[in-house]
Amino acid sequence: MATKAAGGLPGKGHDISLAALQRHDPYISRIVDVASQVALYTFFHRANKWEKTDVEGTLFVYTRSASPKHGFTIMNRLSMENRTEPITKDLDLQLQDPFLLYRNATCVAHPCGVFCGRASAALTGLFQMRR
């Protein structure tokens with residue numbers, strides 16, 4: 001039987017996921033939580049509507065051994081372009097269950113449809129720790 005790791009991943013799956021994340025960012029030290037399926041949307045103010053982007057996949061919330069100390073990545077299943085965001089003072093997060101809305105330093109609003117409330121709560125918790 002596999003050992004459970006952070007985010008509910010079995011030990012071997014956790015190791016593989018951590019290694020994949022570290023290929024993109026060698027400073028990632030630990031996966032804090034995981035949501036197996038999320039989709040990223042962008043809000044268009046003029047049209048007053050949300051539009052789905054081509055970013056959809058597994059959300060990983062992690063800690064880093066360098067600054068910034070926390071971040072998250074959506075490992076995209078639709079293309080090779082992943083979405084990675086450092087959790088800094090410039091990142092505005094708002095949990096509106098089941099959605100996690102965020103705005104990054106470039107002032108682009110991105111709601112992230114999180115189908116696993118536990119991972120969005122972990123991300124919100126990391127945001128609180130950053131302050």
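This report describes the helix, the strands, the nonpolar cores and the aromatic pairs of one predicted model.

**Helix H1**

Helix H1 covers residues 11-24, a run of 14 residues. From its first C-alpha to its last, the helix reaches 21 Å, close to the 20 Å expected at 1.5 Å a residue. Its buried residues are Gly11, His14, Ser17, Leu18, Ala20 and Leu21. An α-helix has 3.6 residues a turn, so residues three or four places apart point the same way. The cover over the buried residues of H1 includes strands S1, S2 and S3.

**Strands S3 and S4**

Strand S3 (residues 70-76) pairs with S4 in the antiparallel sense, over 4 bridges. The two strands are joined by a hairpin of 6 residues. Within this pairing, phenylalanine 72 has glutamate 85 of S4 as its bridge partner. In a regular strand the side chains alternate between the two faces of the sheet. Strand S4 (residues 83-86) has Arg83 and Glu85 on its covered face, while Thr84 and Pro86 lie on the uncovered one.

Isoleucine 87 belongs to the loop between S4 and strand S5 (92-96). Isoleucine 87 counts as buried because its relative accessibility is 3%, under the cut-off of 20%. Asparagine 104 is 17 residues away from isoleucine 87 in sequence, and the two are 9.0 Å apart in space, C-alpha to C-alpha.

In soluble globular proteins, nonpolar side chains tend to be buried together. The largest nonpolar core here has 13 residues, of which Val38, Leu59, Phe72, Ile74, Leu91, Leu93 and Tyr102 touch the most other members. Strands S1 (28-44), S2 (49-64), S3 and S6 (99-103) are the elements that give two or more residues to this core. A second, separate core has 9 residues, among them Ala20, Leu21, Ile28 and Val34.

**Aromatic pairs**

The model contains 2 aromatic pairs, listed below.

| Pair | Arrangement | Centre to centre | Angle between planes |
|---|---|---|---|
| Phenylalanine 43 and tryptophan 50 | tilted | 4.6 Å | 55 degrees |
| Phenylalanine 72 and tyrosine 102 | edge-to-face | 5.4 Å | 80 degrees |

In the tilted pair, phenylalanine 43 is buried, with a relative accessible area of 19%, whereas tryptophan 50 is partly exposed at 43%.

The edge-to-face pair links distant parts of the chain, since phenylalanine 72 lies in strand S3 and tyrosine 102 in strand S6, 30 residues apart. Phenylalanine 72 counts as buried at 1% relative accessibility, and tyrosine 102 counts as buried at 3%. Both residues are also listed among the members of the largest core that touch the most other members.

Note on methods:
Residues are numbered from 1 along each chain as its sequence is written. This is a predicted model: local features need pLDDT of at least 70, side-chain atom pairs count only at pLDDT 80 or more; totals for chains, interfaces and linings use all residues. Side-chain values use heavy atoms; hydrogens and water are left out. Buried means under 20% relative accessible area, exposed over 50%, partly exposed in between (1.4 Å probe, protein chains only). Two strands pair if DSSP finds at least two bridges between them. A nonpolar core is a set of buried Ala, Val, Leu, Ile, Met, Phe, Trp, Tyr and Cys residues joined through side-chain atoms within 4.5 Å. The expected span of a helix is 1.5 Å times one less than its number of residues. Contact means heavy atoms within 4.5 Å. Rings of Phe, Tyr and Trp (its six-membered ring) pair if their centres lie within 6.5 Å; planes under 30 degrees apart count as stacked, over 60 as edge-to-face and the rest as tilted.
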